Structures are given as C-alpha cells and as structure tokens.
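Dear colleague,

Here is the structure we spoke about, handed over with its sequence. My notes on what was found in it follow below.

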2 protein chains.
Amino acid sequence: MDDKIVLEDDLGNLRRSHYSFEISRKNVNEEVVVVGWISSKRDHGNVLFLQLRDQFGEVQIVVKKKETSLQLFKTLRNLKEHSSLAITGVVVEQKNSSSQIEILPKEIKILSISNKPPPFLTQAISSIGIDTRLDLRAIDLRRNYLQFVFKIRNTIINSIREYFNENYFIEVNTPKMIATATEGGAALFPIFYYDREAFLAQSPQLYKEQLTMAFESVFEIAPIFRAEPSRTNRHLSEAISIDAEKAYVDYRDMMEHLEKLIRHIVNRINSKNANELENLGIKLPNVSGSFPRITYTELINNLQANHKFIRWGDDISPKILKDIFSDEFFFITDWPASMKPFYVKSITPGNAQKESAIDEKNLLSESFDLMFGGLELSSGSTRINNKDLLIENMKKKGLNSTAFDYHLRVFDYAMPPHAGFGLGLERLVMALLKLENIRDATFYPRDIDRLTP
Amino acid sequence: MDDKIVLEDDLGNLRRSHYSFEISRKNVNEEVVVVGWISSKRDHGNVLFLQLRDQFGEVQIVVKKKETSLQLFKTLRNLKEHSSLAITGVVVEQKNSSSQIEILPKEIKILSISNKPPPFLTQAISSIGIDTRLDLRAIDLRRNYLQFVFKIRNTIINSIREYFNENYFIEVNTPKMIATATEGGAALFPIFYYDREAFLAQSPQLYKEQLTMAFESVFEIAPIFRAEPSRTNRHLSEAISIDAEKAYVDYRDMMEHLEKLIRHIVNRINSKNANELENLGIKLPNVSGSFPRITYTELINNLQANHKFIRWGDDISPKILKDIFSDEFFFITDWPASMKPFYVKSITPGNAQKESAIDEKNLLSESFDLMFGGLELSSGSTRINNKDLLIENMKKKGLNSTAFDYHLRVFDYAMPPHAGFGLGLERLVMALLKLENIRDATFYPRDIDRLTP
C-alpha cells in the first residue's frame with residue numbers, strides 16, 4: 001500500500017467508480033473507488049475493519065498495519081465513525097461477508113472528519129429520547145431503523161403517483177398562502193402577506209374542487225399547515241397531504257379509489273421493500289379483501305350496547321375504535337352533516353348507502369373517513385356543487401360567505417358534481433410501519449414546541 | 001328519442017361508459033354514456049350541435065328537433081356553454097369529424113347549469129387582460145391554450161421525477177416553516193408560529209444539504225415563498241422549486257445532471273406532447289448538443305467591448321444577455337464569490353474551470369447559473385462542508401452565525417463534500433413554451449397584488 005494520505009475536503013477529480021451494490025465476486029482483483037462514511041469500525045490491533053456506507057449499503061474495508069504507513073494507520077485508528085472517506089483499492093474475496101467481498105485500500109482520502117461521536121448509535125433502534133435525536137436529525141436519519149422507514153416512504157410516494165397517473169389524475173399545485181380559512185378559523189397560521197393578513201393553507205380543498213372544472217381528475221402531494229396546540233404522538237404542525245378530487249363521481253367512487261390506492265401501495269412495498277420490512281420486523285396488513293364499511297349510525301348503535309353515554313352526533317374516541325377494529329383498514333361512512341365541513345354534500349334520499357336522511361338535525365352526509373384501528377388516515381366526501389346550497393351551508397356553519405366570493409364566483413359557470421379525499425402521508429406511514437411517533441414519518445417535524453432544525 | 005330530461009345535480013348511479021378518446025368507428029351503433037361540459041354549441045334551427053368535452057377531448061352530440069321532445073330541445077338550445085351534461089346515446093359515423101363519429105342522444109341529464117357566459121372564449125388565445133382571466137381562473141384554465149400548456153407541464157413534472165428516480169435521487173420534503181432566513185433577511189414572509197416569529201422558506205437549501213448526510217442524493221419538488229415587491233412578468237411570490245443535492249460531487253457534476261435533466265424533459269415533451277406543441281405552434285429548443293458554458297469573467301470581458309460601463313462584479317441585465325444568446329440554454333460559471341450566498345464554496349486553485357482565484361476581493365466560486373436567453377432558470381454550486389469556513393462566510397455576509405446553530409451543529413459529525421442546484425419550474429415552463437407571463441405557468445399565481453382566488 002502507498003503512503004498517500006490526504007486530509008482535505010476538496011474532491012478534485014476523485015469520483016466513485018462503484019456503488020456498494022455494484023461490487024460482487026465478479027469484481028475480484030479489480031481496482032475500484034468507493035466513497036461513503038464509516039458506519040462502524042473494529043480494531044483488531046494489527047488490522048482495522050471499516051464499514052463504509054453509501055446510499056445503497058456497505059462495503060468492508062480491511063486496513064492491515066504491516067501494509068500501511070504508520071501515519072495513515074494511526075489516523076484511521078483514531079478516525080471517528082461518521083467520517084467520510086474515498087478509498088481506492090482492490091476487491092478481494094471474503095467468504096464470511098454477505099457481499100462475499102471486501103476492499104484492500106491502496107489510497108485513502110479523508111473527505112470529512114467527525115469531531116465527536118453522536119449521542120446515539122447508528123445500529124440502535126431507539127436508545128434515546130426523541131428530542132435529542134431530532135436536534136441532530138440529519139445524523140439521526142443515518143440510523144438503520146430510519147433508513148428502512150424512509151426507503152419505504154419513498155416507495156409509498158412513488159406508488160401513489162403511479163396510481164394516480166395510471167388512473168388519469170393530473171398532478172396540480174395549489175397556493176399555500178390563502179386569504180380565508182377553509183374549515184373555519186381555528187388552527188390557522190397567520191402570515192404577513194405584504195401589507196395584508198393572510199394564512200397558510202390547512203388543505204387545498206377549495207382549489208382542488210375548482211380544478212375539477214378544468215382538469216376533471218386532479219391530485220396534489222404537498223404540505224399543509226395546522227396550528228395544532230396539542231402535544232400528541234399523532235399530530236404535526238406541517239404535514240404532507242395527498243389530495244385527490246374528481247368530477248362526475250360521488251363519494252362511493254372515491255372510496256373505491258382510496259381502497260385501490262392503499263392496496264396498490266401495500267403491494268408495491270411488499271414487492272420492493274421485502275428486505276426493509278424484514279429488518280423492521282413488520283408484516284404489512286392484509287389488504288386483499290374489501291375494507292369493512294360501517295355507517296356512523298350503525299357504529300353508534302353498536303357502541304351503545306357497551307358505552308351507554310355515547311350519543312348520535314358524538315365524536316368516537318380513537319381508543320374505543322382501536323378496541324373494536326385493532327390493526328385493520330375500515331371506512332366509517334354517512335356521517336351526520338353537522339359533523340362535517342360546509343362543502344360536504346348531504347345525502348339525497350335514495351342515494352344513501354344504508355339509510356336515508358330524516359330531518360335537518362339528523363341530516364346525513366355523503367362522507368367517509370378511512371381509519372386504521374383508532375387512527376384517522378383520510379376524510380372524503382361528495383362536495384356541494386350548487387352555489388346557493390353552498391352559501392346556505394356556510395351560513396349554517398357560521399362562516400361569512402362574502403369572504404369566499406373568489407371561490408363562489410366560479411360556480412356561476414356550472415361547477416360539475418365532484419367528490420374527493422385527503423389522505424395524510426405521515427399517518428399512513430405511521431400506520432403501515434407501526435411507528436410509535438408520527439415525527440419519525442417525516443424528515444424535520446414541526447410542532448408547537450419545535451421549529452428547528 | 002325519449003322524453004326524459006332531468007335537471008338536477010345528483011349523479012345517482014349514472015356514470016360515464018367511455019371517455020371521448022375511447023370512442024371510434026369501431027363503436028358505431030353501440031350505446032354509450034358520455035359526460036362532460038359544453039365547449040361550443042351551433043344552432044342550425046332544426047339541429048343542434050354540441051361539443052361535449054371531457055379531460056381528454058371532445059365528442060360531437062347531434063340533437064335533432066324532430067327526434068326530441070320540444071321541451072328538451074328548447075332547454076338545450078338555451079343552455080349556455082360550460083354547462084355539464086351526461087348523455088346516453090348511440091354512436092353513429094360522421095366522416096367530417098376528426099374522430100369520425102358523433103353521438104345521437106337517447107337521454108340527456110343536465111348535471112350543472114352555467115348562468116352566464118364567461119368574459120372570454122374557450123377558443124381564444126388571449127383576448128382579454130390577465131387579471132380578468134385570473135379572477136375566474138378555473139374557467140380560464142378550460143381554454144384550449146392553457147390546456148395545452150398544463151398538459152405539457154404535467155409531462156415536465158413527471159419527466160423530472162423519472163430522471164431523478166433513474167439516477168438514484170431520493171424524494172424528500174423539507175419544512176416550509178423555518179426559524180431563520182437562508183439567503184439573508186430580505187424578501188421573507190413572516191409567520192406567527194404559535195407564540196414565536198418564524199418565516200416561510202425561500203428555499204430548502206440548508207435542509208437538502210443536511211439530508212445528503214443521510215441519503216446522499218436527494219431531490220424535492222415543492223413550493224418556495226419570496227416576498228418579491230416588484231411587478232414583473234417573471235416573478236411569483238409562491239413558486240415551485242425543483243431542488244437537487246448530492247454528496248461526493250462538485251458543481252461540474254451537478255451541471256452535467258442539470259443539462260441531462262433538461263435534455264430528458266425536452267425529449268419527453270417532444271415524444272408525448274407532439275399534438276400540444278403543434279397546437280401551440282411551438283418548436284422546442286434543440287438540446288442535442290452540450291450547452292455552451294462561459295465563465296462570468298469571460299462574459300464580462302466580452303461585454304466590455306460594447307458596454308464600457310460594465311465592471312467585473314456587476315449583475316448582467318437580462319436584456320444584454322438576451323441580445324447575445326437569444327433563445328438557447330447556456331451556463332454562466334465561476335461567479336465572483338461576493339455575488340453568491342454564504343454556503344457557496346470558493347474555487348480552490350487548480351480546481352477552476354478556466355482561471356484560478358487570485359485574492360479575497362476577486363475570489364471566484366464553484367457556481368453556475370443556467371440561463372435561457374435572458375432568463376435565469378437555475379443556480380447551483382459546490383457547497384461549503386467545513387464548519388469554520390461556513391461560519392467565517394456567514395460573518396462576511398453580515399449574518400449572525402448563532403442563529404444557524406441548529407444547522408451548524410451537524411457539521412461536527414462530518415458533513416461530506418456536496419453540490420446541488422435549484423431550478424424554477426414556472427420559469428422553465430415559461431422558457432420552453434414561450435409564455436408571455438409566468439403567471440400562466442402556474443395554476444393560481446400569487447404576487448404583491450394578488451392573494452385570491
């Protein structure tokens with residue numbers, strides 16, 4: 001081995017020749033350049049074993065004292081994990097390694113040096129409080145556990161786009177700085193918009209509805225913002241929402257789409273991420289059959305047998321739902337209109353799934369929530385497409401319809417019937433991968449206590 | 001033809017059997033259900049011709065007076081364009097139509113009625129001021145011209161993801177609510193974040209840099225927010241930024257990636273949107289050769305021949321650039337370090353493209369801008385990965401480094417060398433499709449004057 005050792009951070013013309021997954025026994029005796037960071041180090045006195053990790057995996061580097069300059073050997077011995085290296089070396093066979101090869105270095109360039117060990121190990125599943133991890137999130141995300149989670153998240157994102165593209169939905173982007181609240185005034189973040197007050201969008205609701213006029217079937221994957229004052233393991237102040245909206249269909253069609261979408265996602269993860277699932281020790285829920293569907297009224301009637309204080313019109317606690325449904329996907333449909341936002345259509349008698357509307361107070365809506373155990377993943381509905389009805393509903397919910405003039409005016413040009421849903425990406429990741437905390441389903445979580453990093 | 005006419009907005013069980021593109025001469029004599037909105041209407045006295053548009057195209061509906069009830073015929077005659085219909089009818093041959101078929105209705109259901117004609121025609125390219133159009137944006141987006149533009153935009157978005165996925169970049173989402181400004185304090189939108197002040201992110205810069213530690217190659221397609229006080233045809237307050245960042249490479253590699261990305265996009269549009277390009281009367285720029293590259297210093301030297309007041313260190317006006325380069329892609333590289341943000345790496349002598357750094361005042365940077373004529377589409381650079389150097393540069397630019405502590409602390413764990421770029425989606429659409437105004441490259445534009453719809 002040569003004596004060359006360079007301790008600078010400039011790459012010059014040095015580039016990787018192979019990713020870790022591109023080197024196998026067929027490369028034995030070849031010279032390669034591998035680049036990455038040290039995920040672990042074993043010191044056997046006269047031999048150092050370094051695991052060099054790139055974005056796909058690891059290769060083992062074997063540094064032998066007698067074949068290395070003393071200076072370089074000492075430098076490498078003292079080098080902390082997480083430091084970045086570029087290694088030019090020869091591939092040799094190593095039967096005990098899973099890749100069946102290792103690298104004998106000829107030249108090592110140290111690209112970046114770690115000054116101290118992080119307060120957690122790359123191999124640890126959760127050895128430490130989440131706030132300590134989040135304060136060093138970029139390093140935390142190097143942990144094997146989160147690497148598996150985020151590889152699966154990437155499959156989820158790609159399979160969602162795949163589904164929508166195959167089903168003729170067009171991807172749109174709607175504005176995140178808006179003039180009025182969609183769902184009422186609570187939980188909004190106010191902005192200074194030049195000389196005016198504005199808000200961050202809680203949902204793309206009204207925009208995606210409008211866009212069905214021009215594009216018929218639309219979807220968006222984008223951040224939403226909720227000034228959620230509670231400290232829970234299932235709420236984020238900034239989350240990624242998967243929104244779909246389609247003209248000329250109703251909520252039953254969109255339940256079908258949502259069910260097929262979830263099935264597509266689960267199938268894709270099973271086929272692409274078998275290795276990650278195995279490492280996480282997770283088996284995804286079986287989604288081959290139809291998701292159970294129960295109306296809100298049926299559910300309340302059933303619950304009243306054991307919970308005599310529950311009344312029609314009440315919210316149902318996650319705990320009660322989890323006790324009944326445990327870890328499965330199911331729909332709760334036909335919610336009381338009074339429990340849903342102003343843009344949700346009430347059930348027209350004859351169009352009801354299992355019962356029909358009775359009177360104003362007991363009016364049902366063409367709506368559904370997709371649940372996973374006690375966790376609400378998605379809400380959807382048929383939307384009102386009649387301007388007068390929409391204004392009437394705004395008034396019922398205590399909203400000032402003149403503030404929505406910019407939205408209502410397009411209804412004069414024939415808003416088609418339409419329906420849609422919003423699905424929380426982080427909640428879906430949390431449900432599928434059994435995460436303890438929703439914060440681990442996103443890169444840099446935001447909540448009432450955390451604005452950095 | 002039956003006498004059935006229903007004037008309500010409830011779909012019941014009525015659903016489309018065929019999209020317009022699914023009906024051809026092979027369907028002659030079949031009964032179909034087509035659904036959409038009336039894009040134009042011709043009244044020949046005893047015959048009405050309706051063009052029914054769905055998200056893929058149009059079918060012609062022929063309503064004959066003698067085969068229709070008088071009531072229905074009168075209703076249809078008075079029905080305004082943009083109204084939505086569901087038509088059950090029989091496919092008949094029509095040699096003069098491009099689809100070679102038309103539909104004879106048996107039953108017509110009016111799903112939504114337009115109350116008045118919009119102030120522009122669906123067929124018009126730009127008959128009216130942009131503000132009138134934007135006030136009714138959902139209807140404006142029904143115009144053929146914008147339909148072509150947004151179909152191509154969809155191809156662009158999909159081909160960008162295709163490129164990044166094929167090149168092993170992982171899609172990430174970084175927070176849009178942040179504690180400190182990346183590029184200095186100007187042009188930021190302040191937010192009330194619970195009880196604190198925060199800002200909307202102008203770019204995912206620091207986050208995407210950090211994420212190279214965990215994922216090596218990352219990209220993000222997401223909104224950015226700039227409180228841009230000027231009124232121009234090329235600035236938006238909210239835009240979609242395409243951001244890429246990669247460890248173990250420098251700015252030259254990222255220029256290669258950006259050039260290949262643009263080439264991939266142009267090739268995809270040419271193969272997928274030939275029809276839209278023809279209708280727009282546009283030929284995309286030829287991108288088969290390498291994009292010209294000129295250093296900032298060379299460019300200034302060349303310009304000084306005709307513009308004696310231009311000095312090294314000056315910005316170059318879009319007009320001057322457009323005169324020299326007209327409608328082509330080119331790179332301006334190796335900008336003065338003083339003209340670039342604090343995180344941009346200065347050129348190490350020997351690593352320069354065509355000249356090396358001289359002294360502090362004349363220091364060059366490993367940076368590039370991708371231009372199209374006079375329009376800046378993208379900026380990229382090698383980033384500083386050394387903590388002390390970064391703090392020093394923050395001070396030089398007048399930034400308080402303690403405000404960036406949440407970012408700087410990860411540098412203690414060996415930030416790898418890395419480089420990246422940000423590309424403005426709307427500017428790319430504007431350049432490729434020769435749009436007069438960047439507002440037509442986005443669904444709902446935001447600027448100093450406009451916060452709705």
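B:Tyr168 is partly exposed, because its relative accessible area is 33%, which falls between the limits used here (buried is under 20%, exposed over 50%, with a 1.4 Å probe and protein chains only). B:Tyr168 has a positive phi of about 65 degrees although it is not a glycine. The residue is found in the loop between H4 and strand S7 (170–171) of chain B; helices (H or I, at least four residues) and strands (E, at least two) are DSSP runs, numbered from the N terminus.

Please keep in mind that this is a predicted model, in which local features need pLDDT of at least 70, side-chain atom pairs count only at pLDDT 80 or more, and totals for chains, interfaces and linings use all residues. Residues are numbered from 1 along each chain as its sequence is written, chains are lettered from A and ligands numbered from 1 in the order in which they are written, and side-chain values use heavy atoms, with hydrogens and water left out.

Other backbone points

Most residues other than glycine have a negative phi, and most peptide bonds are trans. A:Asp334, not a glycine, has a positive phi of about 55 degrees. A:Asp334 sits in the loop between strand S14 (329–333) and strand S15 (367–372) of chain A, and it counts as buried because its relative accessible area is 0%. H12(A) itself is mostly covered, with 9 of its 9 residues buried; among them are A:Leu425, A:Arg427 and A:Leu433.

The peptide bond from A:Thr452 to A:Pro453 is cis, with omega near -10 degrees. A:Pro453 lies in the segment after helix H12 (425–433) of chain A. In chain B, the bond from B:Thr452 to B:Pro453 is cis, with omega near -10 degrees, and B:Pro453 belongs to the segment after helix H12 (425–432) of chain B.

The annotated residue

An unreviewed UniProt entry gives the annotation "binding site" for A:Glu376; UniProt positions are in the numbering used here, feature names are shortened, and annotations may be inferred rather than shown by experiment. A:Glu376 is in strand S16 (residues 375–383) of chain A and counts as partly exposed because its relative accessibility is 35%. Not counting residues up to four places away in sequence, A:Glu376 touches A:Asp369, A:Leu370, A:Met371 and A:Arg427, contact meaning heavy atoms within 4.5 Å. Its side chain makes a polar contact with the side chain of A:Ser379 (3.1 Å). A polar contact is a pair of N or O atoms within 3.5 Å; within protein, one must be able to donate a hydrogen and the other to accept it, and residues adjacent in sequence count only if both atoms are side-chain atoms.

The interface

110 residues of chain B are in contact with 110 residues of chain A. The two chains bury about 9,600 Å² between them, 55% of it on carbon and sulfur atoms; buried area is the accessible area (1.4 Å probe) that two parts lose on being put together, summed over both. The rule finds 12 salt bridges across the interface of chain B and chain A, each a side-chain nitrogen of Lys or Arg within 4 Å of a carboxyl oxygen of Asp or Glu. One of them joins B:Arg15 to A:Asp253, with the closest N and O atoms 2.6 Å apart.

Regards
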